[in-house]
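Subject: Structure for you to look at

Hello,

I am passing a structure on to you, with some notes on what turned up in it. Please open it and keep it beside you while you read.

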Amino acid sequence: NNQPTTQTLPPAKQESKNMSTNTAAKPLQPLRNYIRQNLGRIRSSPCLLIASSPPPEGETATRQLPNQSPDESPSSTSSDRNIQQSIHRHFNDPKIHAFVQRNTQTLVNEFNLRSVPCTISSAFPTSSGVRDAISLAKRAGLKEAIGGSTGEGVVIGIGSGPAMDLAKAVADTLFGSNIIRSDGFDGDDGGKLILAPSTLGGLWAASTNSPSLLLDTTEEMLLPHLPPSWGHSASRKGTVVTLDPARYLAFSPLISAIQTQSTKDLRSISSSPSMAHVAGALLSVLLDTARLLDTSNNSKEQPAYKSVISEMKEVASLCASVLNLAAELSNDNSRCNRETAEDPPSSQDLALQRLLEIIPRHSLVIEQSSYLIGETSSVLIHGTLPQTLANALLPSHFPKCHLITYLACTLPGLCDVLAASSHRKNCEKGLGNLTVVEELASSILNGSSTEDNLSWELSSWASRISTKAGIPTLASLAFGAPDLKSLVGALDSYESLMASFHGGCVFRRGANERWILEDILQKSLDR
């Protein structure tokens, strides 16, 4: 079957209206199919078409200045040359370009949408890029939700993760909480956000309800885009996420052949995350969310608790299965070195199928968990601890590292910290006598460990599987020798910057959280 669908379990029973369902709970259909089904309304609305674009050959795309005329340059957005030069090479993927060309030509030529193109060729959008795109959208006829207006128009994002983030940022700013729900237009007022990812990272960015990540070129950090409409909770409830047949998508191999060689070779492949990297990154975020559930004071009493934990366990098990497939594949050099496009091994197809299922389910269960925790901003906006480390340190200290690879690199260090701070006997959280972290550990280890040793066995497994699955060490990806003091200083600056945001959306972490954050960093660098 060439049509991958993303099947998920039904959302957990909702305690309140805030615990929303997500489009990820339904099978995802191709972009063409969705546009065809809603063609009349979409064609009547002005449309901003945001797409990934390969950088100019041999150099990094330069940023379009805010006062630059569209006649002087295509309406493209990019980030600072020095920061972006070494981390956006993976966007020059011919399959991503073919995906974008195929869909944009269909939307313009076949469906005759009233669209204006906007492209992004950098690894992350910037605030100036968002402003440029919004200005272009308004000139094209899209209307902002201001004064009693609900906004009007369609924003479509096509391609890799940066295009998804830019499209989300533009829609959040223009439409606020008035993004039309995903089950149709009839009777709804507001704007529309449609996302068509071409990569696994793009699918993750599209399916999560977190704010877009923007690169602050002054502070050299990744910061969430928080327009006033976000307030205390996420507002992007009507996003439509589509998924084209797998043959049109751009996916990295399960594990690169070079990743099975010596550690010194890992630097050269860090900008292209494998499927194993994606699974490791998803698992790292999921485990830290489980830690937050264990420390929450009111999560267990909520009716949705058991169903959410059950879903977390299934997602964790699927992530572990992808990592195990990668480890098995790395032991067979002949299969690792074989060209995937010509003779793909069955493990590659199986891993891809599982990741296409995992990613939307992962995004949904993280959102549901945030409501159980009772502090939505801590997970959806501020992010988990691995995400905080990436936001604060990736652009300046790990410029050659892909965001997904960085998150995967934190998995062993996070599991070491979870094992060291495990207090199962004295903790009342989790199902039965186990904490949520231990529940997930049991699923990951597939029942191969006793209850008393779950956290330590998880730590041992994470260290082994990361090495076998080709996940590099964090220190190997640093720009120069990593200095812990300067890294901690960058964390301080990031936390202060986040705490300065108004509206109560973001808070400064407590002393215990900060200790855990630094401990994860230290243990990740010590690998």
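Start with K313, which is partly exposed at 24% relative accessibility. Keep in mind that this is a predicted model.

K313 has a salt-bridge partner, E439, and the closest N and O atoms of the two are 3.0 Å apart. K313 belongs to helix α9 and E439 to helix α16 (residues 436-444), so this pair ties together parts that are 126 residues apart in sequence. E439 has a relative accessible area of 8%, so it counts as buried.

Helix α9 takes part in another such link. E311 forms a salt bridge with R361, with 2.8 Å between the closest N and O atoms. Here E311 sits in helix α9 (residues 305-330) and R361 in helix α11, so the pair ties together parts 50 residues apart in sequence. E311 is buried, at 8% relative accessible area, and R361 is buried as well, at 4%.

Salt bridges with shared partners join E311, E314, E357 and R361 into one network. The whole structure holds 13 salt bridges. One of the others is between the side chains of E144 and K138, at 2.8 Å from N to O. E144 is partly exposed, with a relative accessible area of 24%, and K138 is partly exposed with 42%.

Next, helix α7. How many of the eight residues of helix α7 are buried? Seven of them are, so the helix is largely enclosed by the rest of the structure. The buried residues are L200, G202, L203, W204, A205, A206 and S207. Among the elements that cover them are α6 (161-175), β5 (192-197), β8, α8, α11 (346-373) and α14 (403-409).

The last item is S252. Where is S252 found? It lies in the loop between β8 (240-241) and α8 (275-295). S252 has a relative accessible area of 21%; the cut-off for buried is under 20%, so S252 counts as partly exposed. Leaving aside residues up to four places away in sequence, S252 touches S272, P273, S274 and M275. With P273 there is a polar pair: a polar atom of the S252 side chain lies 2.9 Å from the backbone oxygen of P273. S252 and Q348 are 96 residues apart in sequence, but their C-alpha atoms are 9.8 Å apart in space.

Regards

Terms used:
Residues are numbered from 1 along each chain as its sequence is written. This is a predicted model: local features need pLDDT of at least 70, side-chain atom pairs count only at pLDDT 80 or more; totals for chains, interfaces and linings use all residues. Side-chain values use heavy atoms; hydrogens and water are left out. Helices (H or I, at least four residues) and strands (E, at least two) are DSSP runs, numbered from the N terminus. Buried means under 20% relative accessible area, exposed over 50%, partly exposed in between (1.4 Å probe, protein chains only). Contact means heavy atoms within 4.5 Å. A polar contact is a pair of N or O atoms within 3.5 Å; within protein, one must be able to donate a hydrogen and the other to accept it, and residues adjacent in sequence count only if both atoms are side-chain atoms. A salt bridge is a side-chain nitrogen of Lys or Arg within 4 Å of a carboxyl oxygen of Asp or Glu.
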